Amino acid sequence: MMDGSWKVGVDIGGTFTDVIAIDASSGEVRTAKVRSQTSDPVASIVSAYRAIGVGWESVSDLMHGTTMATNAIVEGNLAPVALVATEGFRDTIEIGRQNRRELYRLDVTPKLPPLVPEERRLEVRGRIDAQGSVITPLSDEECERIAAAVVELGVDAVAVALQQCFTNTEHETKLGERLEGSASYVALSHRMNPEPREFERTNTTILNAALMPLTAGYLNELEGAAGSGTNLHLFHSAGGMASVPVVKERPLTLALSGPAAGVAAAGKIANELGLDNAIGFDMGGTTTDTCVVIDGKVQISSDQRLAGRPVRQLMVAVESIGAGGGSIARSEGSAVRVGPDSAGAEPGPACYGLGGEQPTVTDANMVLGFMNTDRLLGGVIRLDPERARSSVKPLSDAFGIPIQETALGIYRVANASMARALRRVTVERGVDARSCALIAFGGAGPMHAVALAREFGIARVVVPKFSSVFSALGCLTAEFSYAEQYAVRMSSTSWDGDRVAELCAVMKDRLAAPIVAAGHDCGSIVTRCVALVRYAGQSDTVEVPFDLPLDPKSLGADFRVRHERLYGFATEEAWELDTLRLTASAASRSDITDLLEAEVSESTMPIATAECWFDSHGALPTPRYERGALPVDWRVGGPAIIEDNWSTIVVPPGAKAWTDATNHLIVEAGDAA
Amino acid sequence: MSARPDPFTIEVIRNALTAIAEEMSLVVMRAARSPLLREAGDLSSALTDANGNLIAQGRDIPAHLGVMGSTVQEFLKRVPAERLSPGDVWFLNLPETGGNHLPDVKAIRPVFAEGEVQAYAVSLAHWADIGGAKPGSYVPDARDAWQEGFRIPPLRVFTADGPDREKLDVILANVRGAEEREGDILAQMASCRSADERLQDVFARYGAATIRAAISDLHDQSEAEMRAALRTLPQGIYEGVDWLDDDGAGGTPIAVRVRVDIGDGEATFDFSDTDDAALGPLNATPFTASASVFYAVKAIAGPDIQPNAGCARPLNIVTRPGSLLNPPVERPVVGGNHETSQRIVDAIFNAMKDVVPERLTAGGSTTSGLLLFSGRDPRTDRWTTLYEVHGGGEGARHDRDGMPVVRPHMSNVMNTPAEVIEANYPIMIDCQALRRGSGGCGAHRGGDGQQRIYRITGPEVWLTTMVERCVIPPYGLQGGEAGEPFRITLERPSGEICTLTGKTHVRLEKGDRIVMETSGGGGFGSVIA
């Protein structure tokens, strides 16, 4: 069979599947957006292929992000799992951290029920202490007893999570080997999350085990459909590509697959445009995802939650805010609130005409004239300005404020609450938002981006080309990369350089193995090392990059510089290397810029002029431009609207916008005039 | 004063001010040294107006509600605003100066704009040690306030030029763990400074007059929310009582009595009939009493009420001088903050038990369940203190069973993972399991408590307990049965077994085991035969 020449990035989201493809021989780029078929992800890929007119046989590489794992966790659609815990600890997952979710709501259950019910929680005799010494050995008879109990339970998937296993992996490994014949899928906690905190590690391991049957089934089906001519890769949560065998063993790595691809694309754009610090801003209908790029690096975190469950693995640090275009505005006495209630996708904003009646942020945007009523949103939905107006009218009447000013108010409050969330994201990462550029994508992001930038004192907004299929773009341009971290806990006063060197060497080899197996040359693999360092007794660590071999003196000095920058002080006290984090990547596949042969301009004339309302300006005649038709180096001053089928970029008075050499749109926020 | 800004502008300002308070808490949690702050988040941050009226609170900790605003108001009675300068950070912890107990140290920074003080940023942090007779500053046998630790009246520790080293040294010389404490002080300072910087932007943007008008409106909004919440309760006078096990000085249970008078959109909580001040450290300040009342009202009637000074206006809280809830200044108070405060909530629930039973939860483990282990770790030769709180079963409700092992009501501090304890302290955890069957029976069952077993691996460790509900069990509602009370058992390798009381101090040796069994929740409704 002839190898195809198309490289394809596909992101299967909850509602839409995005695709972008490039033909390696001609350089031609095609994109499309199709409805996702939630029950059959392979069918989503097939219909995406059909939309861009390529078949399986012409695809050389499929790079693919999916919300499959996320949805399974959120919807609780998980395979039954047996848990093996240390004797005395099977209830850890039910005790949890004993804090309650809601402080004042007594009607809400304070915790989620445990992931594994009591009858499937087994205890094994055998104990290791915090220094890795075996206190009670794990006997062969115990292993036999557990294996028999697992068979008796009749489950396919087993999670093994023993106390202090990360200090000495002997017991988990032994159990894992014995269990191989008793269950199809076994997840060991020291492989998932070699760090202390039994509740979080156990939950992470259980989630992984529970996803293994589903993921293996899907990937087997996908491999069958793709045949041998296509290389399959999946986008993992830490912002890179993973091979199919790796994902089968660690399906939880897909937990943030889709958003991570968008984040990775934002990171690439930031690098290509030479932006050191940037905030990714992806505003959708019900949620807004944000992420931070610092010193050109996408931020990674190992401590996040998914559907209320702790997940300890390296994932891009995406902060999801429960506010979006569907957030509902309402009055509460003399006060006004926007969100957290949302009209969601069903019934959606009033102007969609799908039965929604309450005023949403999108309806406010409609009243302000930002959205083009002549255009079908996404080529499907006809927007109805009358419905938008009548949804806003009751609020306008209640406050005695004209309808446009009410809409403007909703727009401002929505921006203020997003600004509050963005503040948290940047402060937690120790970065001053004013030093960042705002990279806006997703349906509603570009509509709010400039106003939000002004709220923060951010000077520059970037709306990348292909912003509406941004996650697919992230897939297409991703590199193979694997990351892991290991809890070391070594004080600068009792430094063991040999141990650190050995740990780094072992991690480096382990990370490189699947990249080499995928056909990359060992010499082309780049390893990035980060030490998580803190003063003894501190909780949060500071990320300090270092080069191998690790020099403790320069690590200490770099740590103090960064600590001073983050917290405004640093002392000469002893510090502690808490954790080592290594990332191995194969050389980058393709730069986004390479994909963006600027097209020949068709027209720089506005397609229409409409009245839009901006802060304190009243109605202003505002030209609308078709984004796809704009040439490079084209400039416009606000007010202006630049739009395509999927998104609307609002350039308010006082702002300036232009297209760069690769057709990214840049907006200088300026001041509200 | 300028005209009222439009509701959208007010909402935008509210978001901006709340963001500033939230950021303060993040700064403390990230930079602090002590596990209590970094892991457990035992801290609060707030902004007040120039008169000390609470505007916005960061992370909303029930025990600190009502304390943050009173701290500034009482501070201003002792330090007139004329003595304040831009860049100051003042520290204080006196319980009688708007406070609760000595370990909760507050940092206050005046925020100047347009030439005068416009606001105060307050950062409260629970220090893991504030000196006094015992490590960790929980002294069950304290009989006066000075045994409980170092008392800090309002003290200007930072000016715009930086720290006053001598004052800092006086504080650090009087607490254990000077390095860790200095880290906490710097974290609180950094938190107040960030609030000042952000507030400067907000004042520059909107102008002080607009901000003042918006704040006044936010106070009115919360007042209206509180009145609306109170109107959902039937008017009338309801009496309730709950008991402390004891005050740590021996003796019998101590009563917290409340007379709740619900009027039309207003309410009085009169605690005059509560017992006299205790000899031991279970007294609570009137500010703690206010925080407890706010919590109870929010939980029963208005979970979404925005916490600011406006919600206090419809509430009248009466405490009798000389009583447990308004003690003479020389009486010790350290346990009152999280034990007696919970009794106040339980007394109010008791008063409302036949009025709005469907809004209540039966009795839970309304205590911190505090075990404080201190000792030298032979592996590092360092002195370590583990401050560990224990949740128990949740009380049942009219429509569901209680859940196992949670922290109820006034506190929500997390546990420390067994693996973290074993790595940092001379202790092994032999078991952490549900205490099955400890929840009370009823049409709906109370949740189960937990059993955690601590085994001492060092030569010498001191244990302090500060635990309620060992004698008085968590109550059932509407015919449901009480849950099992707390039980703390000491098992020596010699085979000797003894039950420890809820307020004690005992020396442990290698091989000793502490079996902590926490209470089950009360049941709701009679079991139908």
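This is a predicted model: local features need pLDDT of at least 70, side-chain atom pairs count only at pLDDT 80 or more; totals for chains, interfaces and linings use all residues.

In which helix is the place of Ala19(B)? Ala19(B) sits in helix 1 of chain B, where helices are DSSP runs of H or I with at least four residues, numbered from the N terminus. Residues are numbered from 1 along each chain as its sequence is written, chains are lettered from A and ligands numbered from 1 in the order in which they are written, and side-chain values use heavy atoms, leaving out hydrogens and water.

Is Ala19(B) buried or exposed? Its relative accessible area is 9%, so Ala19(B) is buried, a word that means under 20% with a 1.4 Å probe and protein chains only. Between Ala19(B) and Gly58(B) there are 7.7 Å in space, C-alpha to C-alpha, although the two are 39 residues apart in sequence.

Turning to the helix itself, the axis of helix 1 (residues 7-31) of chain B comes within 8 Å of that of helix 5 (residues 178-206) of chain B, and the two cross at roughly 160°, the axes being lines fitted to C-alpha atoms over the stretch in contact, with angles running from 0 to 180 degrees between N-to-C directions. These two helices are therefore roughly antiparallel to each other, the term for angles over 145 degrees. Residues making the contact (heavy atoms within 4.5 Å) include Ala16(B) of helix 1 of chain B and Ser191(B) of helix 5 of chain B.

Note on methods
Angles under 35 degrees count as roughly parallel, over 145 as roughly antiparallel, 65 to 115 as roughly perpendicular and the rest as oblique. Buried means under 20% relative accessible area, exposed over 50%, partly exposed in between (1.4 Å probe, protein chains only).
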